Amino acid sequence: MDVSLSVFDTLIDRSDMSSDKWAKYPESVIPMWVADMDFDAPDCVKNSLNQRVSEGVYGYTHTPKALVSAIQSHLKYRYDWSVSGAHLVHLPGLVCALHLSVRVFSKEGDGIVVPGPVYYHLTKAPLTAKRELLSVDMQVENGRWVPNMVQFEHACAHPNSKMILLCNPHNPGGSVYTKAELLRIHALAEKYDLIVVSDEIHCDLILDDVPHVPFASLNEDAANRTITLMAPSKTFNLAGLGYAFAVIENPSLRHTFNQEKAGLIPSPNLLGLTAAIAAYEDGRAWHQSLLKYLKNNRDFLANRIAATPMKMLHLEATYLAWIDVSALSLDNPHQFFLDAGVGVSDGKDFGNPNYVRLNFGCPQAVLDQAMTRIEEALIVQGFM
Ligand SMILES: Cc1ncc(COP(=O)(O)O)c(C=O)c1O
């Protein structure tokens with residue numbers, strides 16, 4: 001059954017929900033920072049959670065077989081990727097797996113190749129573990145953000161390099177890597193014998209008609225050297241329920257990962273497991289409507305940005321717009337937006353202070369209001 005796009009127009013008051021997103025700034029500010037949408041979860045998820053909560057016993061819980069099957073069907077249906085249930089590792093979140101992977105599969109001083117600007121945990125994981133960050137610039141090619149492949153090879157060839165951390169679809173910037181691009185990255189991983197940790201948390205948020213190719217699905221060698229990280233949390237807005245999973249096909253990598261996580265990383269919360277099953281089993285119609293709504297929001301935002309001195313490349317995926325504000329020559333772009341009443345993410349947290357990241361996963365009326373505030377501030381400052 002279709003899910004009406006109007007469900008995403010509903011304004012939800014999150015001010016009393018201990019929401020990170022809504023608590024960060026004063027009430028007068030529209031929060032458009034962290035990757036968390038202002039939408040209700042699908043009904044199937046809410047019903048399933050209500051049912052589980054009403055059971056009243058919340059003891060230690062293992063991963064239900066139904067979740068394994070639901071993930072397998074989802075990956076097969078969306079990416080034509082057949083994954084064995086035995087290769088799944090269930091996690092309470094994705095970020096802990098990024099940090100753990102770096103610590104387990106490299107040692108102090110090893111080099112970690114990371115294309116950026118990127119979601120800050122991909123650079124934080126190597127740096128906090130005292131690894132050498134081998135940065136690769138994302139650059140614009142044919143209107144998309146892609147890694148500079150000359151720098152990529154140079155970084156992979158570094159004598160200390162051990163691992164590549166990939167974010168696909170890329171956050172921020174929203175590029176969905178093509179198969180050809182992934183194959184070029186894989187060729188480097190193979191040539192320099194590097195482990196690949198592929199953060200694919202945004203893979204179900206593709207707004208254009210382009211396929212997401214899981215890195216590990218490229219070929220046997222890629223499958224053998226990759227830790228794929230995925231979750232239903234961004235797609236179905238379940239971040240507070242804490243569930244993610246890894247696909248690790250190589251038995252030795254999987255064994256080491258599991259051994260090192262034991263005692264440090266807890267099992268996923270039972271409500272996270274419950275929500276994930278419902279989302280993957282019954283959330284398809286909601287998901288399709290969500291993508292249409294987000295696509296409308298993206299186009300709405302792109303038109304408004306195009307009428308200002310700011311710039312934004314076409315976003316293939318995610319609800320996180322990466323906006324170039326360099327034409328405004330501001331000392332502190334984040335503060336400028338905040339003074340206008342819009343709480344965006346500061347580009348410097350991802351690696352470029354001349355950008356801000358704006359989350360448009362919200363009712364379009366809110367996006368409209370935020371853009372009006374930004375335009376008025378630009379007019380007052382003489383930018384328009
Ligand atoms: C690329 C990327 N990875 C991971 C996360 C967070 O994952 P988790 O909440 O499961 O730790 C985010 C959240 O914004 C993200 O954008």
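**View 1. Pro117 and its cis peptide bond.** Pro117 sits in the loop that runs between β3 (111–116) and α5 (121–128); helices (H or I, at least four residues) and strands (E, at least two) are DSSP runs, numbered from the N terminus. The peptide bond from Gly116 to Pro117 is cis, and its omega is near 5°. This is a predicted model, in which local features need pLDDT of at least 70 and side-chain atom pairs count only at pLDDT 80 or more, while totals for chains, interfaces and linings use all residues. Residues are numbered from 1 along each chain as its sequence is written, and side-chain values use heavy atoms, with hydrogens and water left out.

**View 2. Pro172 and Lys130.** A cis peptide bond also joins Asn171 to Pro172, with omega near 0°. Pro172 is placed in the loop between β6 (161–167) and α7 (179–191). Lys130 is not a glycine, yet has a positive phi of about 60°. The loop that holds Lys130 lies between α5 and β4 (132–141).

View 3. From Asp199, a polar side-chain atom lies 2.6 Å from a nitrogen atom of the ligand. From His202, a polar side-chain atom lies 2.8 Å from an oxygen atom of the ligand. Val95 instead places a backbone N or O atom 3.0 Å from an oxygen atom of the ligand.

**View 4. The two domains.** Domain 1 (5–41 + 284–380) and domain 2 (48–282) divide the chain, with bounds that come from an automatic or database domain assignment. Their centres, taken over C-alpha atoms, are 25 Å apart. In domain 1, 31 residues are in contact with 33 residues of domain 2, contact being heavy atoms within 4.5 Å. About 2,800 Å² is buried between the domains, with carbon and sulfur atoms giving 58%; buried area is the accessible area (1.4 Å probe) that two parts lose on being put together, summed over both.

**View 5. Polar pairs and composition at the domain interface.** Across the interface, 15 residue pairs are in polar contact, both residues at pLDDT 80 or more. A polar contact is a pair of N or O atoms within 3.5 Å; within protein, one must be able to donate a hydrogen and the other to accept it, and residues adjacent in sequence count only if both atoms are side-chain atoms. On the side of domain 1 that touches domain 2, the elements that give two or more residues are α12 (284–306), β11 (320–324) and β13 (355–359). Of these, α12 gives the most, with 9 residues. This side has 17 nonpolar, 6 polar and 8 charged residues; Ala, Val, Leu, Ile, Met, Phe, Trp, Tyr, Cys and Pro count as nonpolar, Asp, Glu, Lys and Arg as charged, and the others, Gly among them, as polar.

**View 6. Salt bridges.** A salt bridge is a side-chain nitrogen of Lys or Arg within 4 Å of a carboxyl oxygen of Asp or Glu, and this rule gives a count of 19. Asp36 pairs with Arg14 in a salt bridge whose closest N and O atoms are 2.8 Å apart.
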